[in-house]
Amino acid sequence: MNKTITAPFLLGMLFAAIPWSYAADEVNVYSYRKPQLIQPVFDEFTQSTGIRVNVVFAKKGMLEKLRSEGMNSPADVVFTVDIGRLSDLKNAELTQSVRNTVLDNNIPAYMRDPEGHWYGLTSRARIIVTSKDRISEGAVSSYEDLAEPRFKGLICTRSGKHAYMVALTAAMIAHHGIAEAQQWLAGLKSNLARKPEGNDRSQVKAIKQGVCDIALINHYYMYKMMTDPKQKPWADAVRVVFPNQNSRGTHMNISGMAMTKYAPNKDHALKLMEFLSGEGAQQMYAQVNGEYAVKQGIPLADSVKAWGHFKRDHINLIEVAGFRAEASRMADRVAYDD
Amino acid sequence: MLTTTNTGPWQTGTICIALVAALPVLAIGWLAFFPAENIWPHLVSTALPRYLRNTLVLMAGVGVLVSLIGVSTSYLVSTCIFPFRTQLEWLLLLPLAVPAYVIAYLYTDLLEFAGPVQTGLRGIFGWELAKDYWFPNIRSMGGAISLMGLVLYPYVYLLARTSFLEQSPHLLDVSRLMGRSQFKTFLFVSLPIARPGIAIGIALALMETLNDFGTVDFFAVHTLTAGLFDVWLNMNNLGGAAQIALIMLTFVLLLIGLELLGRKRTGFYQSVGRFTARDRIKLKGCRKWAAFTICFIPVLAGFFIPVVMLAGYAMTYFHQSWNSQFRDYAMNSLWVSFATASCCVFMALWVSYAKRITGNGWVNNAARLASMGYAVPGAVLAVGVVIPLAAIDNGVDGFFRSYFGISTGLLLSGTTCALILTCVIRFLAISIGGIQASFSKVSTSIDMAARTLGHAPLKTLRLFHLPLIKSGVLSAALIVFVDCMKELPATLLLRPFNFETLATHVYLFASDEMIEQSALGALFIVLAGLIPVIVLSKTIAYSQTLTRQTE
């Protein structure tokens with residue numbers, strides 16, 4: 001019995017192992033980003049160029065996988081949803097510099113690596129939402145406000161260890177220095193209505209339920225909730241506040257892409273990157289996801305547009321990424337998640 | 001232990017299996033020597049006490065809960081007669097097919113503020129806001145213990161039931177003849193005999209608990225696993241994370257050690273008789289309904305409630321979910337799980353039998369080493385697999401480049417082979433544990449008799465052992481199959497391009513609190529889990545009829 005099973009199994013292993021990196025007209029993508037958000041864009045790309053996009057998505061271990069595979073890695077392009085991962089990839093020397101005028105024209109300088117190792121694709125604002133019923137308009141106007149004692153027991157956020165919260169804390173460190181940022185985080189922690197739990201959407205839900213009155217979320221979740229019949233009432237219960245409009249502007253993070261160091265399908269990879277920074281793809285990002293396109297002149301989704309124009313924090317994202325480890329340790333020091 | 005001639009291939013094979021299985025763990029051990037910075041001063045002064053406390057409380061809670069449910073239900077269904085006993089006997093296995101993260105999402109939907117339970121209470125009592133009344137928060141330690149207990153107790157149930165069924169009724173008769181009550185017989189005779197099975201069941205459930213990330217993350221219960229991912233991904237310190245993984249491994253070694261210690265003190269074999277329907281005690285009056293209730297509640301809470309909710313969601317979103325892609329995902333899941341379960345059982349038989357016929361220290365240690373993979377969180381194990389596998393691939397590639405001028409590229413990494421290999425390494429402990437427990441109950445006199453008859457080890461295994469331990473082997477295969485259907489973190493990282501399984505498909509939606517959209521997938525995972533359950537219960541029923549006929 002053993003032999004009858006093992007022989008075909010080994011044969012199958014051999015067949016499955018035939019290298020696919022030689023196949024023509026393909027581009028291979030490692031994605032930290034969920035495929036349902038980018039798949040429609042890839043489908044468009046395949047339709048207009050005939051190049052097939054192969055994707056594998058995982059949140060953990062992509063960098064290690066890429067590093068272990070080394071020069072034989074099939075991956076051409078990596079997608080991420082946070083500046084942190086992009087700079088990690090570059091620091092690990094897993095990316096290559098791409099000098100390309102199409103990309104440079106489509107993507108503003110502060111949204112890409114100066115040496116061309118990564119490019120931003122969309123940007124997202126970390127906004128404050130407040131209960132329409134219980135918080136008066138204008139009562140909260142900055143991230144710094146959130147640490148004030150008057151909001152004790154009123155605020156909800158997700159875990160202080162999540163990449164989006166870590167990035168915000170890192171930006172606070174970049175602006176105010178470690179000591180002041182820690183004071184802020186401790187103040188915010190003491191204002192929390194409950195132990196941090198759930199994702200950004202569940203914070204809005206908590207406001208609807210009266211658990212808390214103020215929350216920190218990424219802006220496109222508001223957009224997504226408005227289009228979901230079950231979640232729309234949550235979104236309707238809150239008002240959107242773009243923080244720090246009278247000072248440095250609202251904290252922004254990016255989703256982005258990088259070409260791998262040993263990309264086997266370099267030309268196709270470049271075509272894909274150009275396509276994604278182009279008008280059609282950028283429009284899809286804006287319309288389907290409610291994100292801010294990096295390319296100038298792309299119309300916003302209607303409900304996103306309704307929130308109006310706002311001032312963005314143009315701080316150097318690489319600097320922010322550099323403070324991530326410190327921000328994560330800071331969350332431990334103030335026992336943010338306790 | 002027995003010594004036989006010609007055990008060489010068995011020993012060598014076992015050591016090879018152990019080395020392959022230990023490869024990722026060794027890779028992680030190696031990583032632990034190269035941390036980006038020393039994390040311990042920071043961790044010890046901040047989050048470590050909390051991580052440890054939460055981990056211990058969670059494991060203790062789940063351990064108590066799975067033993068209570070698993071032992072009581074398995075004892076009742078195997079030794080008593082009460083209403084719906086035959087149905088409950090297999091129904092009790094079903095919660096195993098429900099992934100912990102899915103049940104966590106579902107119960108949160110049910111019991112949170114906006115869920116039907118609290119909405120109903122508010123309607124009745126006229127409350128409005130969450131501040132107006134107290135309701136236990138499902139997203140808490142208590143919630144995590146209850147829900148994990150509900151889906152993990154079948155490990156104990158399955159292995160304990162096999163133990164109860166395999167024990168000789170004569171022992172129980174003797175106990176009762178000597179004037180012991182039924183309860184005392186259970187406590188002093190049945191329970192000690194079933195202990196290896198129960199202990200392995202609890203150990204498996206606890207390892208699963210230790211490794212879980214999805215549920216504890218969703219419930220904001222910060223365990224060592226949470227700390228590990230934080231150090232790895234936020235502090236960008238893989239070496240530090242590997243060190244935490246090694247600490248968790250120590251936890252597991254302690255679990256395994258305790259179990260071995262317990263088993264060492266009692267060596268017992270049985271050769272005559274199995275429990276059959278004739279030996280069951282007929283419960284009367286309210287006792288029979290109490291037995292029914294004890295067995296029905298875990299099935300209701302761990303299976304029927306989640307499945308009804310999933311079915312409801314699946315119907316609402318059917319048109320969005322049901323397409324040709326979906327059928328591919330299902331086939332992928334079934335194929336990977338089937339291949340994994342077959343390999344696991346084959347390897348586990350090899351290892352357990354080698355241990356039985358040689359009994360030398362090398363083989364014993366190899367068997368322990370082969371079980372290490374289960375002790376590492378899936379995502380970490382996946383990294384542990386990627387590193388040596390890619391190194392082998394690159395080595396082969398380099399060899400071919402320099403001698404033949406051609407590049408072979410990556411042969412194994414990024415194929416279903418790599419994925420299946422990882423699942424095998426991850427779940428080998430389950431099959432080894434289950435099959436060893438079955439072997440331990442087969443008397444060594446059978447081996448001796450076979451040798452006297454001049455049979456070689458392989459023939460002895462085929463002719464004598466396999467028929468005796470068949471249900472144990474099937475149980476092991478079943479658990480691996482179902483576990484593999486649910487496996488998520490390793491699958492995410494190691495699957496080939498464009499390869500989705502039902503578990504990855506469900507996860508993509510569920511992690512965004514959109515479980516409804518992927519309910520059909522979750523339902524299929526559960527239903528696919530039913531197939532082996534049905535096969536298993538049929539086989540057990542058949543072997544019981546056979547025993548009855550031969551007696």
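**Reading helices and chains in a two-chain model**

Tutor: Let us begin with one pair of helices: α7(B) and α13(B) cross in a left-handed sense. This is a predicted model, in which local features need pLDDT of at least 70 and side-chain atom pairs count only at pLDDT 80 or more, while totals for chains, interfaces and linings use all residues. Residues are numbered from 1 along each chain as its sequence is written, and chains are lettered from A and ligands numbered from 1 in the order in which they are written.

Student: How is a crossing called left-handed or right-handed?

Tutor: A crossing is left-handed if the near helix is turned anticlockwise from the far one by less than a right angle, and right-handed if clockwise. Two packed helices are described by the angle between their axes and the distance between the axes. Here the axes of α7(B) and of helix α13 (residues 285-316) of chain B come within 9 Å and cross at roughly 115 degrees; axes are lines fitted to C-alpha atoms, for helices over the stretch in contact, and angles run from 0 to 180 degrees between N-to-C directions.

Student: Which residues make the contact of α7(B) and α13(B)?

Tutor: Two residues are in contact if their C-beta atoms, placed from the backbone, lie within 7 Å. From α7(B) come B:Leu150, B:Val151 and B:Tyr153, and from α13(B) come B:Pro298, B:Ala301 and B:Gly302. By class this contact has five nonpolar, one polar and no charged residues, where Ala, Val, Leu, Ile, Met, Phe, Trp, Tyr, Cys and Pro count as nonpolar, Asp, Glu, Lys and Arg as charged, and the others, Gly among them, as polar.

Student: At roughly what angle do the axes of α5 and α7 of chain B cross?

Tutor: The axes of helix α5 (residues 100-111) of chain B and helix α7 (residues 141-166) of chain B come within 10 Å and cross at roughly 135 degrees. The two are therefore oblique to each other, since angles under 35 degrees count as roughly parallel, over 145 as roughly antiparallel, 65 to 115 as roughly perpendicular and the rest as oblique. The crossing of α5(B) and α7(B) is right-handed. B:Ala100, B:Ile103, B:Ala104 and B:Tyr107 of α5(B) meet B:Leu147, B:Met148, B:Leu150 and B:Val151 of α7(B), and this contact has eight nonpolar, no polar and no charged residues.

Student: How many helices and strands does chain B have?

Tutor: Helices (H or I, at least four residues) and strands (E, at least two) are DSSP runs, numbered from the N terminus. Chain B has 23 helices and two strands, whereas chain A has 15 helices and nine strands.

Student: What percentage of the residues of chain B count as buried?

Tutor: A residue is buried if 20 or more other C-beta atoms lie within 10 Å of its own, exposed if 12 or fewer, and partly exposed in between, with C-beta atoms placed from the backbone. Of the 551 residues of chain B, 53% count as buried, and of the 338 residues of chain A, 54% do. Helix α22 (residues 502-510) of chain B is mostly covered, with nine of its nine residues buried.

Student: How many residues of chain A are in contact with chain B?

Tutor: There are 45 residues of chain A in contact with 48 residues of chain B. The largest share of the side of chain A that touches chain B, six residues, comes from α15(A). By class, that side has 13 nonpolar, 15 polar and 17 charged residues.
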